[in-house]
Amino acid sequence: MSTQPSAAETSPEPELPLGTTAPFARMHRWLKRGILVCLVALVVEGSLTVPALALWYGWPTLSLTEICDEMMKVRYSDDTLECEQGAFNAPPLGGKPEAEGQTTARDQWGVQPKPEWKRIGYRELVRNHDERIARQQAGHP
């Protein structure tokens with residue numbers, strides 16, 4: 001009597017994806033699962049980033065255009081700056097760079113410029129906007 005299993009009793013080799021050898025099949029399966037989880041996390045993070053930043057900066061109190069204007073004012077320390085709407089003349093499509101001729105920024109210029117404007121806190125742009133509007137209504141620049 002033979003003790004070796006017949007060919008019908010042994011389980012057949014699972015079909016492996018192209019390029020996967022049997023010793024690495026388990027590792028490939030877990031890598032595929034990990035990569036899928038990372039891709040889903042990136043999509044979720046990417047879809048929540050812009051709304052979260054908009055809330056941080058002051059939306060819905062300020063419109064997105066007003067948030068852009070306030071950020072320009074803080075960045076260049078100039079209360080007269082405003083964002084250009086639909087600027088198709090900006091680089092790389094042509095036209096001058098955003099900061100060309102700008103002399104009001106307090107940054108340290110060099111190979112790697114260091115911004116000197118302070119970090120913008122939660123809803124600080126709303127407070128800056130309201131304070132500037134109050135100053136303008138009081139007659140102060």
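Author: The largest pocket holds about 420 Å³ of space. A pocket is an open set of points on a 1 Å grid over the protein atoms alone, where a 1.4 Å probe fits, with protein on both sides within 12 Å along at least five of seven lines. Its lining residues have an atom within 4 Å of a point. Grid points are joined across faces, edges and corners, and the volume is the space filled by probe spheres set on the points.

This is a predicted model, where local features need pLDDT of at least 70, side-chain atom pairs count only at pLDDT 80 or more, and totals for chains, interfaces and linings use all residues. Residues are numbered from 1 along each chain as its sequence is written, and side-chain values use heavy atoms, with hydrogens and water left out.

The largest pocket is lined by 16 residues, and M72, E82, E84, P97 and E98 are the closest to its centre. The lining has eight nonpolar, three polar and five charged residues. Here Ala, Val, Leu, Ile, Met, Phe, Trp, Tyr, Cys and Pro count as nonpolar, Asp, Glu, Lys and Arg as charged, and the others, Gly among them, as polar.

The second largest pocket has about 300 Å³ of space. Its lining also counts 16 residues; K73, V74, S77, D79 and N128 lie nearest the centre. α2 and α3 are the elements that give two or more residues to this lining. α3 gives the most, with five. By class, the lining of the second largest pocket has 11 charged, three nonpolar and two polar residues.

Now take α2. Helices (H or I, at least four residues) are DSSP runs, numbered from the N terminus. The buried residues of α2 are I67, D69, E70, M72, K73, V74 and Y76. Buried means under 20% relative accessible area, exposed over 50%, and partly exposed in between, with a 1.4 Å probe and protein chains only. These buried residues pack against α1 (25-57) and α3. Just after α2, S77 takes a positive phi of about 50°.

One disulfide turns up in a search of the whole structure. A disulfide is a pair of cysteine sulfur atoms within 2.5 Å. This one joins C68 to C83, S to S 1.7 Å. C68 sits in α2 (residues 64-76), and C83 in the loop between α2 and α3 (124-138), 15 residues apart. C68 has 32% relative accessibility, so C68 counts as partly exposed. C83 has 14%, so C83 counts as buried.

How values were computed:
Contact = heavy atoms within 4.5 Å.
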